[in-house]
Amino acid sequence: MLPYIARRLLYAIPTLIGVTFVVFISVRLIPGDPAVAIAGERATPQLIAQVRQELGLDQPILTQYGRFMVKLVQGDLGTSLRTRLPVAPEVWRRLKQTLLLATASLVLASAVGMFLGIVSATRPYSLWDNAGMVVALLGVSTPVFWLGLMLIMLFSVELPRLLGLGQPIFPPTGSGTWRHVVMPAITLAAYSTGIIARMTRSAMLDVVAHDYIRTARAKGVPERRITYRHALRNALVPVITVQGLQFGTLLGGAVLTESVFAWPGLGRYLVDAIFQRDYPVVQAAILVIAIGFIIINLVVDLLYALVDPRIRYG
Amino acid sequence: MADQLHGLIDQAHAAPVGRGAVRTVWKRFVRRPAALFGLVIVTLFLAIAVVAPYIAPYDANEADFFRARQGPSQDHWLGTDELGRDVFSRLLYGARISLRIGIIAVAIGVGAGVPLGLIAGYYGRGVDNLIMRLVDIMLSFPSILLAIGLVAILGPGLNNAIIAVGVVAVPVYIRQVRASVLGVKEMEFVAAARAAGASDARIMLIHVLPQCISPILVQSSLQIASAILSAAGLGFLGLGAPVDVPEWGTMLANGRQYVFSAPHLTMFPGLAIMLVVMGFNLLGDGLRDALDPRMRGR
């Protein structure tokens with residue numbers, strides 16, 4: 001197992017360096033001179049030159065990248081052009097909020113998705129199967145931002161009015177209590193629920209076609225035991241992989257959900273920064289989400305190998 | 001002699017899907033009601049996109065401030081928006097924009113992804129390593145984040161949003177075509193073509209590529225769905241089409257501030273996006289099942 005982990009970690013390093021390089025270069029391709037942005041439109045050429053020198057923008061691009069990497073490994077993500085404050089503390093604060101939302105969504109998507117998948121696979125081509133897969137299809141086809149708005153309308157306006165309540169069932173915006181998490185988590189979970197349900201169904205159907213399931217059935221093992229002990233256990237390997245990958249997707253997908261619910265996470269921070277042309281923030285937010293995505297993929301790969309010995313030795 | 005041999009090998013393998021095969025695939029396809037339903041939605045959507053100017057009761061940008069934000073009525077079937085424009089007509093015109101997004105984005109994905117996937121899979125070694133490391137880097141970003149990042153560089157706007165969504169599809173095609181090529185290039189007919197002296201380009205285009213068409217076709221249907229969804233997301237964030245363009249995501253974003261007083265402004269564009277995305281997803285699933293019977297129901 002250890003050599004596999006070492007090999008997998010080594011493979012991740014060039015990708016991580018590649019991602020930092022791509023983000024670094026890309027942010028520098030954004031039209032507009034950061035030195036002018038900091039010094040102001042009416043600044044003298046001398047002042048702009050001075051700012052450029054201070055920021056190291058007059059250095060060759062590879063030197064700039066080297067300095068950027070040195071700062072990055074020290075946890076320095078630069079200074080916001082708008083607030084003039086270091087970006088890192090704000091990024092960590094918002095990352096926690098995004099992680100909270102993504103975790104809640106993953107738990108929800110896994111519970112509902114696996115339930116739908118199991119129900120569908122144990123009764124293939126039945127009404128239950130069709131109903132489960134329609135729900136899964138709606139999940140992958142519904143725009144999250146629209147679903148969010150519809151949930152706000154339902155839980156904050158229509159249902160309270162119908163039930164004669166004076167206040168929304170779940171608060172439509174903000175964060176702080178568990179009630180704030182409910183609607184954004186349902187919204188964000190919809191897509192992943194569909195993916196997990198389809199994967200669970202497909203993996204279960206693959207497994208139940210194997211000889212050992214037929215053998216178990218021939219031996220008179222009860223159907224419930226076959227489903228959960230024999231089939232689900234083996235079907236779990238691809239399902240766990242998809243769950244892990246979905247967690248990464250949820251981190252990115254949170255951008256839209258956070259925008260609908262004014263959730264103070266990293267995604268909203270990024271979108272606001274794009275409009276404010278606050279490049280260090282754009283760079284930091286994209287970088288942190290991408291690095292998080294790579295780490296999650298790495299962990300999923302390692303978990304996968306832990307669960308299924310064939311991967312390690314393959 | 002070599003030319004004759006080329007001809008024979010080409011004939012034997014260049015057209016894996018003959019007329020009989022198409023009929024078999026079609027028979028398998030129509031046996032699934034879900035796939036047919038998808039085909040109906042997609043056909044309807046294409047028809048609307050083509051004839052929108054002829055069937056729309058109003059011009060998409062005809063404003064009537066005295067009738068702003070009215071609910072559905074006989075004059076305006078789906079109501080009017082914040083400037084008094086007819087929502088139904090704007091949705092019909094929006095189908096054209098969504099179709100444009102889907103087609104151009106997939107064209108970018110296929111145009112760049114398929115050749116790179118062919119090259120990576122066929123040549124292997126260094127070239128493969130280089131291309132696949134680039135793919136790894138691109139896939140290290142969640143897709144919507146990559147699209148947002150690209151729009152941040154290119155600047156907001158419909159065309160840039162389409163380019164961003166198309167670029168996001170490139171690594172998906174590279175990976176898929178490469179995987180197909182790895183399976184196909186070891187087959188005997190490729191070895192036969194090579195033995196007959198066919199050039200690499202000829203082998204790739206005439207012998208290997210046709211074998212990869214089925215997965216590309218399936219992927220493209222699913223990718224159109226995902227492109228429409230992503231572009232609508234960019235529009236919703238204000239990074240896509242300008243506010244006067246009847247793009248569905250942008251329409252939804254415009255109506256968002258009136259979600260309590262005029263819910264029809266968000267309801268109908270969202271339903272339109274969902275329906276079309278669902279149609280392409282069902283079509284893609286149906287095509288996959290019909291083209292590869294082993295995948296049936298998976």
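Reader: At 22% relative accessibility, does A:Glu90 count as buried, partly exposed or exposed, and why?

Author: The model is predicted, and what follows should be read accordingly. A:Glu90 counts as partly exposed, because its relative accessibility is 22% and buried means under 20%. The side chain of A:Glu90 forms a salt bridge with A:Arg93, and the closest N and O atoms are 2.9 Å apart. Both residues belong to helix 5 of chain A, which covers residues 87-122, and they stand three residues apart, about one turn of the helix.

A:Asp211 and A:Arg214 meet in a salt bridge of 3.0 Å, N to O. They lie in helix 9 (residues 211-218), three residues apart, about one turn of the helix. Here, A:Asp211 and A:Arg214 are both exposed.

Chain B also contains such pairs. B:Arg67 and B:Asp75 form a salt bridge whose closest N and O atoms are 3.5 Å apart. B:Arg67 is partly exposed at 29% relative accessibility, and B:Asp75 is partly exposed at 45%. Over all chains, the whole structure holds 16 salt bridges.

Between chain A and chain B, one salt bridge is found. It joins B:Asp285 to A:Arg198, with the closest N and O atoms 2.3 Å apart. The two chains also share six residue pairs in polar contact. By class, the side of chain A that touches chain B has 31 nonpolar, 10 polar and three charged residues. In total, 44 residues of chain A are in contact with 39 residues of chain B. The chains bury about 3,700 Å² between them, 78% of it on carbon and sulfur atoms. A:Phe145, A:Trp146 and A:Leu149 supply 16% of the area that chain A buries against chain B, more than any other three residues.

Two further elements show burial. A:Arg201, in helix 8 of chain A, is buried, with a relative accessible area of 7%. Its side chain is joined to that of A:Asp129 by a polar contact of 2.8 Å. In chain B, helix 12 (residues 264-291) reaches 40 Å from its first C-alpha to its last, close to the 40 Å expected. Of the 28 residues in helix 12 of chain B, 22 are buried.

Technical notes:
Residues are numbered from 1 along each chain as its sequence is written. Chains are lettered from A and ligands numbered from 1 in the order in which they are written. This is a predicted model: local features need pLDDT of at least 70, side-chain atom pairs count only at pLDDT 80 or more; totals for chains, interfaces and linings use all residues. Side-chain values use heavy atoms; hydrogens and water are left out. Contact means heavy atoms within 4.5 Å. Buried area is the accessible area (1.4 Å probe) that two parts lose on being put together, summed over both. A salt bridge is a side-chain nitrogen of Lys or Arg within 4 Å of a carboxyl oxygen of Asp or Glu. A polar contact is a pair of N or O atoms within 3.5 Å; within protein, one must be able to donate a hydrogen and the other to accept it, and residues adjacent in sequence count only if both atoms are side-chain atoms. Ala, Val, Leu, Ile, Met, Phe, Trp, Tyr, Cys and Pro count as nonpolar, Asp, Glu, Lys and Arg as charged, and the others, Gly among them, as polar. Helices (H or I, at least four residues) and strands (E, at least two) are DSSP runs, numbered from the N terminus. Buried means under 20% relative accessible area, exposed over 50%, partly exposed in between (1.4 Å probe, protein chains only). The expected span of a helix is 1.5 Å times one less than its number of residues.
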